[in-house]
Amino acid sequence: MSNPSPNVLRQALDNFVRYRREYLSGDEKGEAQVFCDRLFQAFGHEGVKEAGATLEMRLKKNNSRGTAFADLMWKPRCLIEMKKSGTDLSKHYRQAFDYWIMAVPDRPRYVILCNFDELWVYDFDSQLDAPVDRISLEALPKRHDALSFLLPIESKPIFHNDLVAVTRGAARMVAALFRGLHDRGVERTVAQRFVLQSVMGMFAEDIGLLPGKYFTRALEDASNGASAYDLLFGLFREMNTPGSTKGGRYIGTPYFNGGLFANISPIELTNAELSMLRDAAATDWSAVRPEIFGTLFEGSMDAGERHAQGAHFTSQTDIASVVIPTIVTPWRDRLNKVSSIAEIEKLLAEMFSYRVLDPACGSGNFLYVAYREMRRLEREALDMINERRRSSEIAAQSRLAYVAPDNFHGIDNNAFAVEIAKVTMMLAKKLAADEFGDAQQVLPLDNLDNTIVHADALFSPWPQVDAIIGNPPFVARRDMAGELGSDYTQRLARAYPQIGGVSNFVTYWFQKSHDHLPDQRRAGLVATAAIRENDSRKASLDYIVDNDGVIVEAVSSKPWSGDAAVHISIVNWTKGIDPGKKKLWISNGELYLETDYISSSLSSRVDVRHAKALPKNQRPQLCFQGQTPGITKGIGYILDTPTAVSLVRKDPGSEDVIFPFLGGNEMLDKPVIDRWVIDVSTDDVLDARTSAAGAMSYLEENVLPKRQALVEREKAANESGVAKDAAFKPELQHQRFMSRWWHLWRRRSDMLTAIQQSDRYIATSRHATQNRMTVFVFVSADVHPGDALSVFALDDDYSFGILSSSIHRTWLDARCSTFKGDPRYTPTTVWDSFPWPQSPTRQDVDSIVKAVEDIIAVRSKFLERGVSLSSQYDSLRRPGKNVLREAHVALDAAVIKAYQLDPNEDTLTQLLALNQTLAADPDAARGPGPSGLDGCRSTDYRLEAPTLS
């Protein structure tokens, strides 16, 4: 079906508008479906049903209690919710958002709220608080491009209220102004304060706080930087003067507060800066969202500084994933249970004293969203009171109190971020007052100096609050010393001795948040997905559930909305109370499960975190990580083929220390090995230079300078640490390594010894793909595996079959760590605890070996035709007959039989039970591999090692 031409579309929409006026009264119950059907017909469809949309689609309510009905659902395009004519659509924002949240899978991109006369269009992925467009029915024939996603062939809509675009543009302008000021020598804090004062001036005049467009007029009347010096800073002084300006140019200027404008440091602008400020003032700042401050904060910092502090912008949708379950849902549940005016007024009084903390508040976006949501809850409570008073003919009473910004506390170690957060919350009060039509006094703005404070949250006291929310810094454990400083990490270790191992920086916030949270209260934090894994999980989510905490709603893993290439988890929990059904979001947050329990690994399945390491999996060691050359990407140790050949021609003795080198991507995507590694095993430099002079000379030129640079950097860091802290312990790993600087950083000689006991070993990429079967490969023992591979010192087809089965992948998914959302094979959590079949029969072994023969034969045939292993296994994601799929199905059936598993029971539960049984009697357990079994090897295939000759 093609789209109607513009003229035909306009005529059809004219007819649609005429039909509504003549035949529809605007009754939601009786006419909503007719309205939607006619709307679809006007956009070129035969009707709603013919387009594939669903009327009255059932949705679970967001609180998991009961069922709701969306008027129209057309996935993945749009959701339409109808209200009767004359309805104030702003009061149904929450319903629209809740429906959108629960409309999974294939959540629709757009949501339309319609009262027969207006259509409000929302794009919640990009703009949370306000619709991206408001179109009157009469204007629809001319404004049809705003609903172009309704056309049979979807096209990009054109919106007139894209506030995110306005905000980004304004942010770029003021951030550029800041950078210009700072680059020409204006002190950083002075430039930041001036930009914030200017932003407040532009906001204030456009939202009605500052009369007479005084800020813009001051810029227009300034002929140069000198006159702007007098005019702008004169205005700022009046904004900081109590009372109202009595006369002069700025007559009627009200007192803003003694916070933001208390310190005025005049700057004489250049003509270029004055022009930039005029351009910024021309923006309609009433349309700029307070996220401007977060974006401004990001824009004023270089990428390196942001990364070092873990500072990144969080989308409002991700913020809502914390604020709604932690704050909104509990309050709404309480409101839904009250019946009398007295009960509602009691709840209102509690709302007025309800306190929230973000201990890593950045520019205040979490606090802003939490405040706006509490104001909406307050409005719901008041509407409930007014409805009951009208029904009882009791006159409404005037209000004396409101939810206040100073109940929303923040801590951050960046002073500029703190100032931004204060301004954000000051403006939030005015914007909420406008949204709800409040009569409360907004000026002077609240002074939040004692509410949002500049401090290190991990080393300062926190205020007593009812809820804790936020997005603590993203810093991996391996990066903490380099980015935060060794002195700081050692100080952390002394202050938090219970947090150890390789737990990430964010874990400190989880523990402190849970310890600080009062009983019967809630918290919600955003973290990297590593929070679910290993030491990070032990120090955070394990700590919570082991100390009277209950995870009530979580996003297991999803790509982060910010500019960092990470996957995040979102965790909401209670302390000392179990509210019942839990909600776990999976599949990148696109699906959810209702469950009675969410484990600390953020899984609704059986909790396998207490699975035990099995001694026979550990001794002898069979599972290893490949070699880590060291230095960035192994530069200096890793050679291409021409370089390796040249070295050997010049010095034949070097051939004994140059080996084929294999990485994970190469194993899956390349037909031959084309990289080499210099691996000198001797510990004596004289011996090394004598036996492999060419290779050592190459290392001296390409590796030694880098090693020496690392030593100097380490010494400088130690000197700095000792100067700052007498208890600082110098780090010496690079200095010690210089005694054998030519070695690979992690040579893993035990791994090399183990794999060289046979002609081949099994390897798999340590970083698997989430939606692709784990691929295992036999590799020649002459090939040195890189650290992108997990290596198994096993050469038999039976073991290959067990590892390649879905049974092993099930355990891998439950126990592994992850990298950007993808499974990562970790020996200590996956291999060490994985239970192998305990009583496989000869028939079981034969069946597994035969299935492996078939898999290798299929793979080899397609490899010969130039089809890589990754392409072969990617084909399994698509429907249709597939010989490789059939071979793996046969393998899975054989492995399930060898395990004697019940196919009607949960596989993971059975594996955990087997693990516990073996852990209880480890001596009686059968470990990994073919020991004691006959007929385990049938094939000789392996990825061969090339030669240099």
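User: Which residues line the second largest cavity?

Analyst: Happy to start there, with the reminder that this is a predicted model. The general idea first: rolling a probe the size of a water molecule over the atoms shows where empty space is left. In this structure, the second largest cavity is lined by Leu-614, Pro-615, Lys-616, Asn-617, Phe-834, Pro-835, Trp-836, Leu-918, Pro-922, Ala-925, Arg-926 and Gly-927. The space inside comes to about 60 Å³.

User: Which helix gives the most to that lining of the second largest cavity, and how does the lining divide by class?

Analyst: Helix α21, residues 615-618, gives the most, with three residues. By class, the lining holds eight nonpolar, two polar and two charged residues. The count of cavities of 30 Å³ or more comes to three.

User: Let me turn to pockets. What is the volume of the second largest pocket?

Analyst: A pocket, unlike a cavity, is an open set of points. Here the second largest pocket has a volume of about 1,100 Å³. Its lining has 32 residues, and the closest to its centre are Lys-91, Arg-94, Gln-95, Arg-332 and Glu-380.

User: Which elements give two or more residues to the lining of that second largest pocket?

Analyst: They are α4 (93-102), α12 (316-337), α14 (365-391) and α15 (415-436). The largest share, eight residues, comes from α14. Sorted by class, the lining has 15 charged, nine polar and eight nonpolar residues.

User: Now the strands. What is the order of the open sheet of six strands?

Analyst: To read a sheet, follow which strand pairs with which. The order here is β1-β2-β3-β4-β5-β6, and the pairing is mixed. At the edges are β1 (54-60) and β6 (133-136), each of which pairs on one side only. From one strand to the next, the twist averages 30°.

User: In what sense do β4 and β5 pair?

Analyst: Strand β4 (residues 110-114) and strand β5 (residues 118-122) are antiparallel, with four bridges between them. For an example to find on screen, look at Leu-113, whose bridge partner in β5 is Trp-120.

User: Which strands does helix α2 lie across?

Analyst: Helix α2 (residues 28-42) lies across β1, β2 (67-74), β3 (78-82) and β4. Its direction makes an angle of about 145° with β3.

User: What about strand β12: why is it largely enclosed by the rest of the structure?

Analyst: Burial is judged residue by residue, and a residue under 20% relative accessible area counts as buried. In β12 (residues 549-559), 10 of the 11 residues are buried, so the strand is largely enclosed by the rest of the structure. As for its pairing, β12 and β13 (residues 567-575) are antiparallel over eight bridges, and Lys-558 has Ile-568 as its bridge partner in β13.

User: How do I read the backbone of a single residue? Where is Phe-116 placed?

Analyst: Phe-116 sits in the loop between β4 and β5. Its phi is positive, about 80°, although it is not a glycine. With 0% relative accessibility, Phe-116 counts as buried. Compare Arg-748, in the loop between α27 (733-737) and α28 (749-755). Arg-748 has a positive phi of about 60° and is not a glycine either, but at 23% relative accessibility it counts as partly exposed.

Note on methods. Residues numbered from 1 in each chain as written. Predicted model: local features only at pLDDT ≥ 70, side-chain atom pairs only at ≥ 80, totals over all residues. Heavy atoms only, no water. Pairing = 2+ DSSP bridges. Axes fitted to C-alpha atoms, helices over the stretch in contact; angles between N-to-C directions. Contact = heavy atoms within 4.5 Å. Buried < 20%, exposed > 50% of the residue type's maximum accessible area, 1.4 Å probe, protein only. 1 Å grid on protein atoms, 1.4 Å probe; cavity = no way out; pocket = protein on both sides within 12 Å on 5 of 7 lines; lining within 4 Å. Points joined across faces, edges and corners; volume = space filled by probe spheres on them. Nonpolar A, V, L, I, M, F, W, Y, C, P; charged D, E, K, R; others polar.
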